[in-house]
Amino acid sequence: TGGASHFLEFIKDELIPFIESKYKVDRNSRILAGYSFGGLFALYVLFNDPMLFNKYFIGSPSIDYENGVIYGFESDFATNFKVLRAEVFMTSGELEKETARNLEILREKLIYRNYEGLYLESFIFPGENHLSCYPAAISRALIELFNNK
């Protein structure tokens, strides 16, 4: 656990340049998808280097990690920025009680901030738990992030 800043540095300074040098990709359209702790990392990136990606799938994020440290990152971001140009789709399973509650708290904070440029959708999958939610969540994320208006 931990080390998000180092992982982000690796993605930014090594992985993306490598991929862009070897493959034909659209450098103006990047998506970051993360589930569970990966979802927490996607939130970290959203609030610490939001221009690196323009689409985010954040599935069942471990928002309660380190007593909700991600809320502090969002608060710091809000203090310094009013623009957040990103398309974000967040999900959780209904049976993940604490995760679903934390996701709703974060969603409400983002709506309250009224960030310019933010497209935000979220969905709580009825009857699903942390493991069973993933297949439906990734499918729905692709639809939401690539077919929105």
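Biologist: Where is glutamate 66 found?
Modeller: Glutamate 66 sits in the loop between E2 and H3; helices (H or I, at least four residues) and strands (E, at least two) are DSSP runs, numbered from the N terminus. This is a predicted model, where local features need pLDDT of at least 70, side-chain atom pairs count only at pLDDT 80 or more, and totals for chains, interfaces and linings use all residues. Residues are numbered from 1 along each chain as its sequence is written, and side-chain values use heavy atoms, with hydrogens and water left out.

Biologist: Is glutamate 66 buried or exposed?
Modeller: Exposed, with a relative accessible area of 53%. Buried means under 20% relative accessible area, exposed over 50%, partly exposed in between (1.4 Å probe, protein chains only). Glutamate 66 also has a positive phi of about 50 degrees, although it is not a glycine.

Biologist: And what about the phi of serine 60?
Modeller: Positive too, near 40 degrees. Serine 60 is in the loop between strand E2 (55-59) and helix H3 (69-80), but serine 60 is buried, at 1% relative accessible area.

Biologist: What does serine 62 contact, leaving aside neighbours within four places in sequence?
Modeller: Ser36, Phe37 and Leu40, with contact meaning heavy atoms within 4.5 Å. Serine 62 counts as buried at 12%.

Biologist: OK, on to H3. Which residues there are buried?
Modeller: Ile70, Tyr71, Glu74, Phe77 and Ala78.

Biologist: What covers them?
Modeller: The cover includes helix H2 (37-48), strand E3 (83-93) and helix H4 (97-113). The face of H3 turned away from the buried side carries exposed Thr79 and Asn80.
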